[in-house]
Amino acid sequence: MAKTDITAPTTDAPIPALKPPAGPEAFEHMQFRSGEFWREIPAYKDVDEKTFLDWLWQSKHSVKSPDELMAAIQDLVEPAFFEDVRQGFHRAPMQVRISPYMIASIDWKNPYNDPIRTQFLPLASRLLPDHPRLSLDSLHELEDSPTPGLTHRYVDKALFLPLNTCPVYCRFCTRSYAIGGDTDTVEKAQLATDPKLWEKAFEYIASRPELQDIVVSGGDMYQLPAKSLKKIGETLLAIPNVRRMRFATKGPAVMPMKILTDAAWTDALTSIVEQGRAIGKDVMLHTHFNSPNEISDITQRAMQVLFERGIMVRNQSVLIRGVNDDKHTMRKLIKQLGYMNVHPYYVYMHDMVKGVEDLRTTIQTAIDIEKFVRGATAGFNTPTFLCDAPGGGGKRDLHSYDHYDRENGIAVYSAPSVKPGQWFLYFDPIDQLAPAAQARWRDPKEQNEMVRAAIAAASKT
Ligand SMILES: *Cc1c(COP(=O)(O)O)cnc(C)c1O
Ligand code: SF4
């Protein structure tokens, strides 16, 4: 066999083309929506850039009712659509709040299939019956909560929820048991919305030396005034056992202009990151983009501000039917995030929460998408696909099931470092199963038998 020639070429011969040139799909993630796209919305047609980028204007003009929606989009949609929205509001477990930026990012020519409409605006015509095994607070965050607004499930990390409002309300929110105000169908549980309760959470964190990692979420910390943000950040940094902190917010996806125009807030975040760095403690921002349609050149500018300030950003997406459950969409999202120096960290299976069965996908769908995106870009920009096991098992790599009955849509997980000796079940949405399996789910006796058989099969592995 001839030895490979590893010496440098001595001629000017062209380098052989081992691979054909990449097609246009290799570059689509570099295109960012730009210009004054919001002017297509009747209510925003006279809004200039300075106003549209003003975060206070965005907050004040957020849409919270069908009437406000109608006032914003006027004749862009058919009257039948508004009726569908009205009914949808009435039946939803979450309040509705949508920023003008998101309103302007919806394709109103096709609102039924738009990924942003799907996330924020419930339509009665699209709702499906809930899976018989789902519950509010499917993650049992209240059960693992030593004091209001603190969830201590894993040994060394805890989730601090200092407030219960968000810049938008997502239909799929896993905390619909607590976030936003009461709705026609759900009365909300209490989080630590009052600073006296924050003190209790800090006290608990300081009393548990094994707690090194604190996630500050909500609600959404975008809603914290700069002063409160600083207070929470500095108090946590001063607790000796706290080594790492993450601030989690959907803000950059739904209202990126805040980073550009709320100087006090952005400076408060920067200050905590810098104070942390000086004492060897890691402070990051975690955010939540789900669709490439959420991203514009405003997003890109905002992410660049954070990058210049040395604030690292990670992204956690939820896999949502009709939003990102398509492999090409997911690949574009991941590459676009990487392009803006946002690290795609996780993609979650949709939690089993009430009233959003139309948004869930099967575990198999997630497995197929994961297979497609892995290898499409840098490994550190390739997210791990997770199932946050209902019942409080915590996050599991979705491939690590002990058993997956694809026919009946039952995945069985165990979590030896979190809740040893227990099984946790995730159920695929029933409408995605074959007719015979759908029929079995209509019979409570069959339901118990299917679950028993799945657990028995998992026990054998
Ligand atoms: C997600 C979560 C965390 C953080 O988990 P990571 O895998 O480290 O991102 C911590 N506590 C709770 C209760 C959580 O749900
Ligand atoms: S921003 Fe987060 S906490 Fe708020 S509604 Fe959306 S998913 Fe829930």
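**Pockets, cavities and a surface patch**

In the largest pocket, the lining residues split into seven nonpolar, four charged and no polar. Keep in mind that this is a predicted model. Which residues line that pocket? Here they are: Arg33, Phe37, Glu40, Ile41, Leu76, Ile103, Ala104, Ile106, Asp107, Trp108 and Lys109. The space in the largest pocket comes to about 220 Å³.

Now to the cavities. How many does the structure hold at 30 Å³ or more? Four. Take the largest cavity, with about 900 Å³ of space. Its lining counts 43 residues, and closest to the centre are Thr174, Arg175, Ser217, Gln316 and Tyr348. By class, the lining of the largest cavity has 20 nonpolar, 13 polar and 10 charged residues. Strands contribute here. At least two lining residues each come from strand 2 (157-160), strand 4 (244-248), strand 5 (282-287), strand 6 (313-318) and strand 7 (342-348).

Next, the second largest cavity. About 70 Å³ of space lies there. Thirteen residues line the second largest cavity, and Ala92, Pro93, Met94, Pro122 and Arg171 lie nearest its centre. That lining divides into 10 nonpolar, two polar and one charged.

Last, the surface. Phe27, Met30 and Tyr339 make a nonpolar patch of about 290 Å². Look at Tyr339. Where does Tyr339 sit? In helix 13, which covers residues 327-339. Why does Tyr339 count as partly exposed? Because its relative accessibility is 40%, and partly exposed lies between under 20% for buried and over 50% for exposed.

Methods: Residues numbered from 1 in each chain as written. Chains lettered and ligands numbered in written order. Predicted model: local features only at pLDDT ≥ 70, side-chain atom pairs only at ≥ 80, totals over all residues. Heavy atoms only, no water. Patch = residues over 30% accessible without salt bridge, like charges linked within 9 Å, V, L, I, M, F, W, Y side chains within 5 Å. Areas by Shrake-Rupley, 256 points an atom, 1.4 Å probe, with all protein chains shown as cover. Salt bridge = Lys/Arg side-chain N within 4 Å of Asp/Glu carboxyl O. Helix = DSSP H or I, 4+ residues; strand = E, 2+ residues; numbered from the N terminus. Buried < 20%, exposed > 50% of the residue type's maximum accessible area, 1.4 Å probe, protein only. 1 Å grid on protein atoms, 1.4 Å probe; cavity = no way out; pocket = protein on both sides within 12 Å on 5 of 7 lines; lining within 4 Å. Points joined across faces, edges and corners; volume = space filled by probe spheres on them. Nonpolar A, V, L, I, M, F, W, Y, C, P; charged D, E, K, R; others polar.
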